[in-house]
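Biologist: Can you walk me through this one? Please start with the terms.
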Number of protein chains: 2
Amino acid sequence: MQAAPFGERLAAAVAARESQIVLGIDPEPARLWPAALASTGESRAELATLLAAAEHAARAFGGTDAAPDAGRLEAAAAVLAHSIALIDAAGPACVAAKPQLACFERLGFGGWLALDAVCRHARAAGLLVLADGKRGDVPVSAAAYAQALLGATPSPFGAAQGLDADAITANPLMGRDALEPLIAAARSTGAGVFALVRTSNPGAADLLDLRLDSGEPMWERLAALVAELGDRNPQGLADVGAVTGATAPEHLERMRELMPRTPFLLPGVGAQGGEVAGLAAAFAPGRAAGLVTASRSIANAHERAGAGDPESAARAEAERLRALAWDLS
Amino acid sequence: MQAAPFGERLAAAVAARESQIVLGIDPEPARLWPAALASTGESRAELATLLAAAEHAARAFGGTDAAPDAGRLEAAAAVLAHSIALIDAAGPACVAAKPQLACFERLGFGGWLALDAVCRHARAAGLLVLADGKRGDVPVSAAAYAQALLGATPSPFGAAQGLDADAITANPLMGRDALEPLIAAARSTGAGVFALVRTSNPGAADLLDLRLDSGEPMWERLAALVAELGDRNPQGLADVGAVTGATAPEHLERMRELMPRTPFLLPGVGAQGGEVAGLAAAFAPGRAAGLVTASRSIANAHERAGAGDPESAARAEAERLRALAWDLS
């Protein structure tokens, strides 16, 4: 059975959950919810099993000193407990979860175990999983990233299943042939690829805003490429999306002209509700055409005075953003 | 004690090993050396321990069905055995090993265990470790990648050590502030960052060759950024390098003008010795200023008629490339 195209799956998910909010999962081990740290302590017995298992594993893979892994694994277990609590609290107001791969990679193999478990938990909670790694490489390596995130790797021991994400982010610098293996793999499972077009960091201006001799800025060329690569089902959204920072809303109208049926992933909204109001152009082709990502503004909402415990504060902030975007679109 | 700057460390390593060859480690599970597969079978007892440990670990991290992990872990163990055999065979003719992160990520947490072990083995064999992930993200996420590849992550359970690479590859599309956390972390440990300037795939022309309104192609602007970001020790090589595909040698002279003290990482040389001869401009500031990467041409050298067993063929091909580059530089 062929999977439905990503644009259709996304539109259906947004309608069903009445949300365009993407819950960013960027756990910092030094800034986890206290309850997550406590639950790691409580499940000490389970953790002891895990640590013993990890020592075996590290030794079998040629490690001689398993000691440095112990703290790293405890950190990974705490990151997992935190991420699960975050999904349970804020997930009901969201349509997707977006783990930032760097935050898991930095904890080594325990981090990848946690990442696997986070993706499973998000999926079980009814969320789409958007693996945020901004990968990009020559075609043969791009194909390997596609196997890691979207597909499986053939091996003499059977197919090695990857993360099975519903969507990924990708870096388009190396051009069309570097994106194509990612898009082909995504298409075969009904997943989507969000390519960077104009990011939200100040440095994005260094290259993406450079003016070409044709008169257009670099990001417009990327926008044209994204529009061209997306599946042009005239009835719905494309399956190649664009990462379009919400910090420059004046660009959004032009982006929508260039990419009329492209889903936009809008990071940089942060805690400022005012900014969501600048995103109307993103939603023009339909509610699912603009996905608003928020990470720290949800996970750290309890740090504002009077916001209550982390779970309640996260739930309230996600719901606030959900209602704001939904009413606008 | 402060680490020596990367440019100095690189020059010393190239002189000591009389080699500018970087051994790419891009293992494909379906195309491993037969001896590696056999050794995985022979160490069945050890592998059984590992698999049991992994099942414990997966369960502790919330997995319910550990079965799909078994084949994936066997594949990771075979990939590790292959990579170690490759390093043992070809490493003596090389100055660095360059694991392609995608090839390990696609095997999940077992792949990261294998990656850790490959880096340790390469270092023990006297090779620099160049983690090839072409990462690039907004500053906060770039800092997380820096912790994963070059440093450590603070946590309530102690610092979680990362891969501890001697150098990494990075994608500069998101601009200066996205590169800076990687460069700062690298600098603090004497490591280097190789940013993409003009890659070797055909699609690189789509964006990197675009002409700006100032008249220069995009890649020249990237070259200027790389030269500016590198440590300008007037006596030696910079600590920010450039990935400069060897498939367009006519660009190399211009690149050298724009980046007079930048180490170049030259992929795309492949099995064709003729191409190495086009690289003279890369070596102009000194032998360590041009690093020639080769992956499949070494690992798959035995597939040519009469090349002998994989180990001998890999050793011979690495030595052939080493002598060719050394004589030219």
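Modeller: Contact means heavy atoms within 4.5 Å. By that rule, and leaving aside neighbours within four places in sequence, D239(B) is in contact with F6(B), R187(B), A191(B), G192(B), V193(B), G230(B) and D231(B). Some ground rules: this is a predicted model, where local features need pLDDT of at least 70 and side-chain atom pairs count only at pLDDT 80 or more, while totals for chains, interfaces and linings use all residues. Residues are numbered from 1 along each chain as its sequence is written, chains are lettered from A and ligands numbered from 1 in the order written, and side-chain values use heavy atoms, with hydrogens and water left out.

Biologist: Where is D239(B) found?

Modeller: In the loop between helix 10 (218–229) and strand 8 (240–244) of chain B. Helices (H or I, at least four residues) and strands (E, at least two) are DSSP runs, numbered from the N terminus.

Biologist: Is D239(B) buried or exposed?

Modeller: Buried, at 6% relative accessible area. Buried means under 20%, exposed over 50%, partly exposed in between (1.4 Å probe, protein chains only).

Biologist: Which side chain does the side chain of D239(B) make a polar contact with?

Modeller: That of R187(B), at 2.7 Å. A polar contact is a pair of N or O atoms within 3.5 Å; within protein, one must be able to donate a hydrogen and the other to accept it, and residues adjacent in sequence count only if both atoms are side-chain atoms.

Biologist: Switching topic. How many salt bridges does the structure hold over all chains?

Modeller: 38. The rule is a side-chain nitrogen of Lys or Arg within 4 Å of a carboxyl oxygen of Asp or Glu. One of them pairs R296(B) with D26(B), closest N and O atoms 3.4 Å apart. That pair links distant parts of the chain, 270 residues apart.

Biologist: And how exposed are R296(B) and D26(B)?

Modeller: R296(B) is partly exposed at 32%. D26(B) is buried at 14%.

Biologist: Now the interface. How many residues of chain B are in contact with chain A?

Modeller: 84, against 84 residues of chain A. The two chains bury about 7,200 Å² between them, 66% of it on carbon and sulfur atoms. Buried area is the accessible area (1.4 Å probe) that two parts lose on being put together, summed over both.

Biologist: How many salt bridges cross the interface of chain B and chain A?

Modeller: The rule finds eight. R135(B) pairs with E105(A), closest N and O atoms 3.1 Å apart. Helix 4 (residues 67–90) of chain B gives the most to the side touching chain A, with nine residues.
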